[in-house]
Amino acid sequence: MAIRKSNKLPQTAVIKQILKRCSSLGKKQGYHDQEGLPLDVPKGHFVVYVGENRSRYIVPISILSRPEFQTLLQQAEEEFGFDHDMGLTIPCEEVVFQSILVRY
């Protein structure tokens, strides 16, 4: 019996890819900030879009280590994938997302 290697990347590699894509979105949309992010996004933060209306939230990068947020990222990957130009979209109701932010 052969041992099969998983095709999944380690969690840290996935998070780095997400952050790289988030920061490159600003460049694609024509923002001229040094880091390619809109001027209203402070250093150490990134933008996510949540809910049916795609409400925009600016969240700290440190939230990526929270298990609840990692679960949301997995759901986002399954539903939308990470290779699109729409920004990082989280597939949950805003109320649920806000409850995660409050506990953070």
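A: Phe69 touches Phe46, Val48, Ile63, Leu64, Ile90 and Phe97, leaving aside residues up to four places away in sequence; contact here means heavy atoms within 4.5 Å. The model is predicted, so local features need pLDDT of at least 70 and side-chain atom pairs count only at pLDDT 80 or more, while totals for chains, interfaces and linings use all residues. Residues are numbered from 1 along each chain as its sequence is written, and side-chain values use heavy atoms, with hydrogens and water left out.

Together with Phe46, Val48, Ile90 and Phe97, Phe69 is among the residues with the most contacts inside the largest nonpolar core, which has 17 residues. Such a core is a set of buried Ala, Val, Leu, Ile, Met, Phe, Trp, Tyr and Cys residues joined through side-chain atoms within 4.5 Å; buried means under 20% relative accessible area, exposed over 50%, and partly exposed in between, with a 1.4 Å probe and protein chains only. Strand 1, strand 2, helix 2 (67-79) and helix 3 (94-103) each give two or more residues to this core. Helix 2 provides the largest share, 4 residues. Helices (H or I, at least four residues) and strands (E, at least two) are DSSP runs, numbered from the N terminus.

Strand 1 and strand 2 (residues 55-60) run antiparallel and are joined by 6 bridges; two strands pair if DSSP finds at least two bridges between them. Within this pairing, Val48 stands opposite Tyr57. The hairpin of these strands has 4 residues between them, and there Gly51 takes a positive phi near 85 degrees. Strand 1 runs parallel to strand 3 (residues 89-90), with 2 bridges joining them, and Val50 has Ile90 as its bridge partner.

The 3 strands form an open sheet in the order 2-1-3, with mixed pairing. Strand 2 and strand 3 stand at the edges with a single partner strand each, so one side of each has no neighbour in the sheet. Helix 3 packs on the sheet and touches strand 1, strand 2 and strand 3; its direction makes about 15 degrees with that of strand 2. That angle, on a scale from 0 to 180 degrees, is taken between N-to-C directions of lines fitted to C-alpha atoms, for helices over the stretch in contact.
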